[in-house]
Structures are given as C-alpha cells and as structure tokens.
Amino acid sequence: MTLVCFLRADGTLDKEVSAAAGQRLLDVAWAAREPLEGACEGVMACSTCHVIVDKEDFERLPPASEEEEDLLDLASHTARTSRLACQIILTEEMERLTVRIPPAATNWMGR
Ligand code: FES
C-alpha cells in the first residue's frame, strides 16, 4: 500500500488515502473525490489531470514520457514537478506520495 497525500492549491492538507500498488494516481484521486477532471481518462488527449508532485517524491518517479512532457507544456498552472496523474502508477516502493492540486484544476464536481 502507498499513502497518497492530496494538498489543496494553497498547500494545506486536504486528505490522506491508502492506495494499492498498481493503481493510477488519477483513479486514486477520483476515488478520493479530488477535483481532477481527467477528461480523456488517461489516453493522453488532455492535460486536465495534472498535479504538482512534492519535490522529493518527484525525483523518485520514473521520468515522464515525451508525450507527457508535450501535454504538460500545453497546461496552465504547472510547475517544474508537474506530472499527469493518469501516467503515475503507484508502486510498493513509493510508500508515500504527496501531490498538490493546481489552482486551475477543472472542478468536475462543482466544489
Ligand atoms: S486524463 Fe487526459 S492526459 Fe491524463
């Protein structure tokens, strides 16, 4: 299991959830009712699932593909450690992953 910490845009803790290895971060966010749209559901045709990963956690993730980098270039409110949540697969080795939902995240639940 991996502990995923979701931070609000202002950096305060929103919630911590446990997630199984092999799950996509996007699915974990949806299950936790985080306001990430993920319009294309992971087929790399949008960038509405981007999150800002904690700096140390970012260094431990496998590098983004060229396609993911290209999509992130089109997104707004990104940071050096931004990633697409649909491309992050949780592993046992991660133990803990902290991500911040950017202020421009599409608010699909109206929160
Ligand atoms: S859900 Fe569209 S790129 Fe991640």
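This is a predicted model: local features need pLDDT of at least 70, side-chain atom pairs count only at pLDDT 80 or more; totals for chains, interfaces and linings use all residues.
User: Is threonine 81 buried or exposed?

Analyst: A residue is called buried under 20% relative accessible area, exposed over 50% and partly exposed in between, using a 1.4 Å probe and protein chains only. The relative accessibility of threonine 81 is 10%, so this residue counts as buried.

User: Which backbone atom does the side chain of threonine 81 reach, and with which residues is threonine 81 in contact, leaving aside its neighbours within four places in sequence?

Analyst: Contact means heavy atoms within 4.5 Å, and by that rule the partners of threonine 81, its neighbours within four places in sequence being left aside, are Val51, Ile52, Val53, Lys55 and Phe58. A polar contact is a pair of N or O atoms within 3.5 Å; within protein, one must be able to donate a hydrogen and the other to accept it, and residues adjacent in sequence count only if both atoms are side-chain atoms. At 2.7 Å, the side chain of threonine 81 reaches the backbone oxygen of valine 53.

User: Which residue in strand 4 is the bridge partner of isoleucine 52?

Analyst: Two strands pair if DSSP finds at least two bridges between them, and strand 3 is joined to strand 4 by three bridges in an antiparallel arrangement. Strand 3 (residues 50-53) is covered on both faces, with His50 and Ile52 buried on one side and Val51 and Val53 buried on the other. Isoleucine 52 also has a bridge partner in strand 5, arginine 100, and strands 3 and 5 (residues 96-100) pair in the antiparallel sense over two bridges. In strand 4, the bridge partner of isoleucine 52 is serine 82.

User: Which backbone nitrogen does the side chain of serine 82 reach?

Analyst: Serine 82 lies in strand 4, and its relative accessibility is 5%, so serine 82 counts as buried. Leaving aside neighbours within four places in sequence, serine 82 is in contact with Val51, Ile52, Phe58 and Leu72. Its side chain reaches, at 2.7 Å, the backbone nitrogen of alanine 79.

User: How far apart in space are aspartate 57 and valine 99, C-alpha to C-alpha?

Analyst: Aspartate 57 is found in helix 2 (residues 55-60) and, with a relative accessibility of 8%, counts as buried. Once neighbours within four places in sequence are left aside, aspartate 57 is in contact with Arg96, Leu97 and Thr98. Aspartate 57 and valine 99 are 42 residues apart in sequence, and their C-alpha separation in space is 8.7 Å.

User: What separates the C-alpha atoms of isoleucine 89 and aspartate 27?

Analyst: Isoleucine 89 is found in the loop between strand 4 and strand 5 and is partly exposed, with a relative accessible area of 43%. Leaving aside its neighbours within four places in sequence, isoleucine 89 is in contact with Gly22, Gln23, Arg24 and Met94. Although isoleucine 89 and aspartate 27 are 62 residues apart along the chain, their C-alpha atoms are separated by 9.8 Å.

User: Which residue in strand 5 is the bridge partner of cysteine 5?

Analyst: Strand 1 (residues 2-7) runs parallel to strand 5, and five bridges join the two. In strand 5, the bridge partner of cysteine 5 is threonine 98.

User: How many disulfides are there?

Analyst: Cysteine 40 counts as buried at 16% relative accessibility, and cysteine 86 counts as buried at 6%. A disulfide is a pair of cysteine sulfur atoms within 2.5 Å, and by this rule the count comes to zero.

User: In what order do the elements of the protein chain run from the N terminus on?

Analyst: Buried residues make up 43% of the 111 residues in the protein chain, and among contacts with a separation of 6 or more, 64% are between residues 24 or more positions apart. The chain holds three helices and five strands. From the N terminus on, they run β-β-α-β-α-α-β-β.

Notes: Residues are numbered from 1 along each chain as its sequence is written. Side-chain values use heavy atoms; hydrogens and water are left out. Helices (H or I, at least four residues) and strands (E, at least two) are DSSP runs, numbered from the N terminus.
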